[in-house]
Structures are given as structure tokens and as C-alpha cells.
Amino acid sequence: MSANPDVVMGVEVENPVMPYLRQDRLPHIWCPGCGIGTTVNCFARALTECGLDLDQTAIVSGIGCTGRVAGYLDLDSFHTTHGRAIPFATGLKVGNPDLKVVVYSGDGDLTAIGGNHFVHAARRNMDLLCICVNNFTYGMTGGQCTPTSPVGAKQTTMPYGNFEHPFNLPHLADACGAVYVARWTVYHVKQLTRAMKEGLNKKGFAFIEVLSPCPTLYSRRNRLGDGVDQVKYYKERSKINNDVDTKDLSLEFQGDITVGKFVDRERETWLDAMNNRFTSVIGDKYEPYGVTNGEK
Ligand code: SF4
């Protein structure tokens, strides 16, 4: 990794995020006012503070605008096919139990095409940090409805307004068994950075939803202004409540937003359960690659 100092008013200033980016991949593809870059900034800062060995930290994304994140971060990374970030990450973790594995993708990728994988990773308590950038739309493919699009929101596939009931993602993750569940917006950069740091250090399935503007498609189609206008909306309509029941976290179109850390508990992870079962049944510890006698 190499730092690339900027010159501000004649003074060389080192951007703390640059060492975590693959600078040869820049400029990025994201539109002006998109919130995804802010989430990457928070994540890079969380990496500086989390105390993890970054040579033992991997990131996996699916398809979509958020799916580009794995390509820009200077970690071991993989950009999977649509919806398959979680199964790839699961295999990575099971085959390399010492790795910290992060899934970083959008609401369409994680909760529509990848929705089945999402619920089972939470159910199994697979040891992953799952960050979902929720902009209520499929950005890369043209602004279609996703499972999180609020009722009434206009999309290319819902030109008269969405009439489908959306997922409440924190409640879905909580109900399926996630051990850490939080929601923040790209306005809440300090809280989001702290949540990402906590998620990186959490054992088990940790889920963070980040509400983020898509000014090019979702905001334009719904006449919501630009990215700054949406961040102002997050500022004005968000309330922090860490104690709320996750079933009360549904979102309405441009309505009030409850943010916070809602779940932080301990539960046996899939790998720990596997080890315990191996130990109790065959008297040895599970090891990767299906070998239990220490040889690989
Ligand atoms: Fe961001 Fe939307 Fe542009 Fe995708 S289409 S980069 S989500 S603003």
C-alpha cells in the first residue's frame, strides 16, 4: 500500500483513506452525489482502527454499483456473480477459518437474487460481516424495484409507484439469527465507522444496513433532488434509538428513519458448532479441506 499525498493550500496532506484503495483502479465509476463512496471512506477508517491484520482480511462483493467496492479496496477481494457474494464468502471462511471475511453489496444483490443466501448465513451464524448499502434501487441496471423499495416509490419497473411490501432488513437479519444488527445512513459517518469497526471485530453474522442516496436513478425518478438533498433528509428525519424492537424499523417513502445498533448478542457460530460436533463425534477438530488428521 502506498499513500498519495494531496496538496491543500501548498501543504502536503495525506488522505488517510488512500492507502486502503487500489489507486490504479481510480477514478471510480460512481456518479456525483452517490453515497457509496462515503461508505467506503467510513470502512477504510474502520480498517485503520479495528486492529485486524489486513493481510488476513478479505472482502467479497456481488454485482451492482456497490459491488464495485471489492475492486477498489486494497484487500484480498473477489467480485462474484449476481447475488452470490454470501455463498462465495461462506466458502472462503470455511476453507480459511482464520480470515476475517466481509461481504459488501447492495440491497438488490443481497436481498433479491441473494436473499436466500442472506437468510441462511444469518440462520447459521456464519462468521461474516455483511454490509448492505441500501439505496432502494438497482442502480447499475437502470433503476428497477428491489425488495427494499418503499411503497409509493417510482422505479422503472414500478412507474406508477411501488405497491409491494418491502423488507425491513434489520428485522429480517435479527429474526434469522444475526448476532449484530445496526442501521445508519451516510449522514452518520462517525456512527457508521464505529459500527463497521464493531462488525469487523464481532464473531458471527454481523449485519449493517447503510441508507445511501442514488441521485441518478432513485432520486431523479422520484423528484428528490440531488445527493446532498437526500443527506439533508437523513439528517432531518433520522432518530437514534438503540433500544427499539427491530420489527418497528420498517421504512416508508421519505418518512422518519430510526437508526442505531439494535442487536449485539453472542451465539455459537457455524464453524464453532462444526468443531464441537466433530470433537464430540470423532474426537478431532474440523480442519479445512475435509481433512481431520492434521494433514492437508
Ligand atoms: Fe450511485 Fe445510483 Fe450512480 Fe449507481 S446509479 S453509482 S447507486 S448514483
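A pocket is found on a 1 Å grid over the protein atoms alone as an open set of points with protein on both sides within 12 Å along at least five of seven lines, whereas a cavity is a set of points where a 1.4 Å probe fits but cannot get out; lining residues have an atom within 4 Å of a point. The model is predicted, so local features need pLDDT of at least 70 and side-chain atom pairs count only at pLDDT 80 or more, while totals for chains, interfaces and linings use all residues. Residues are numbered from 1 along each chain as its sequence is written, and side-chain values use heavy atoms, with hydrogens and water left out.

**Second largest pocket**

- The second largest pocket is lined by Asn 15, Val 17, Met 18, Leu 21, Leu 26, His 28, Trp 30, Gly 37, Val 40, Asn 41, Arg 45 and Tyr 72.
- Its space is about 170 Å³, where a volume is the space filled by probe spheres set on grid points, and these points are joined across faces, edges and corners.
- Helix H1 makes the largest contribution to this pocket's lining, with 4 residues; helices (H or I, at least four residues) and strands (E, at least two) are DSSP runs, numbered from the N terminus.
- The lining of this pocket comprises 7 nonpolar, 4 polar and 1 charged residues, with Ala, Val, Leu, Ile, Met, Phe, Trp, Tyr, Cys and Pro counted as nonpolar, Asp, Glu, Lys and Arg as charged, and the others, Gly among them, as polar.
- Leu 26, one of the lining residues, is joined to Pro 27 by a cis peptide bond with omega of about 5°.
- Pro 27 itself lies in the loop between strand S2 (11-13) and H1.

**Nonpolar cores**

- A nonpolar core is a set of buried Ala, Val, Leu, Ile, Met, Phe, Trp, Tyr and Cys residues joined through side-chain atoms within 4.5 Å; buried means under 20% relative accessible area, exposed over 50%, and partly exposed in between (1.4 Å probe, protein chains only).
- The largest core has 48 residues, and Phe 43, Ile 59, Tyr 104 and Met 196 have the most contacts inside it.
- Helix H1 (residues 36-49) gives the most to this core, with 7 residues.
- Beyond residues up to four places away in sequence, Phe 43 touches Ile 59, Leu 73, Leu 75, Val 102, Tyr 104, Leu 129, Ile 131, Met 196 and Leu 200; contact means heavy atoms within 4.5 Å.
- A second, separate core has 28 residues, including Val 101, Phe 118, Ala 178 and Phe 262.
- In soluble globular proteins, nonpolar side chains tend to be buried together.

- Among the 16 residues lining the largest cavity, Gly 64, Cys 65, Thr 137, Tyr 138 and Gly 139 are the closest to its centre.
- Helix H4 (107-113) and strand S7 (137-138) each give two or more residues to this lining, and the largest share, 3 residues, comes from H4.
- By class, the largest cavity is lined by 5 nonpolar, 9 polar and 2 charged residues.
- The second largest cavity, with about 80 Å³ of space, has a lining of 8 nonpolar, 2 polar and 2 charged residues.
- Phe 136 and Gln 254 are among the residues that line the second largest cavity.
- Phe 136 has a positive phi, near 70°, and is found in the loop between strand S6 (129-134) and S7.
- Gln 254 also has a positive phi, near 55°, and its place is in the loop between strand S11 (238-240) and strand S12 (257-264).

**Two buried residues**

- Lys 100 is found in strand S5 (residues 100-106) and counts as buried because its relative accessibility is 10%.
- The side chain of Lys 100 reaches the backbone oxygen of Lys 202 at 2.9 Å.
- Gly 62 is found in the loop between strand S3 (57-61) and helix H2 (69-72) and counts as buried because its relative accessibility is 0%.
- Leaving aside residues up to four places away in sequence, Gly 62 touches Gly 67, His 79, Thr 80, Thr 81, Ala 85, Tyr 104, Ser 105 and Asp 109.
- Gly 62 and Phe 253 are 191 residues apart in sequence and 26 Å apart in space, C-alpha to C-alpha.

Note on methods: Polar contact = N/O pair within 3.5 Å; in protein donor to acceptor, adjacent residues only side chain to side chain.
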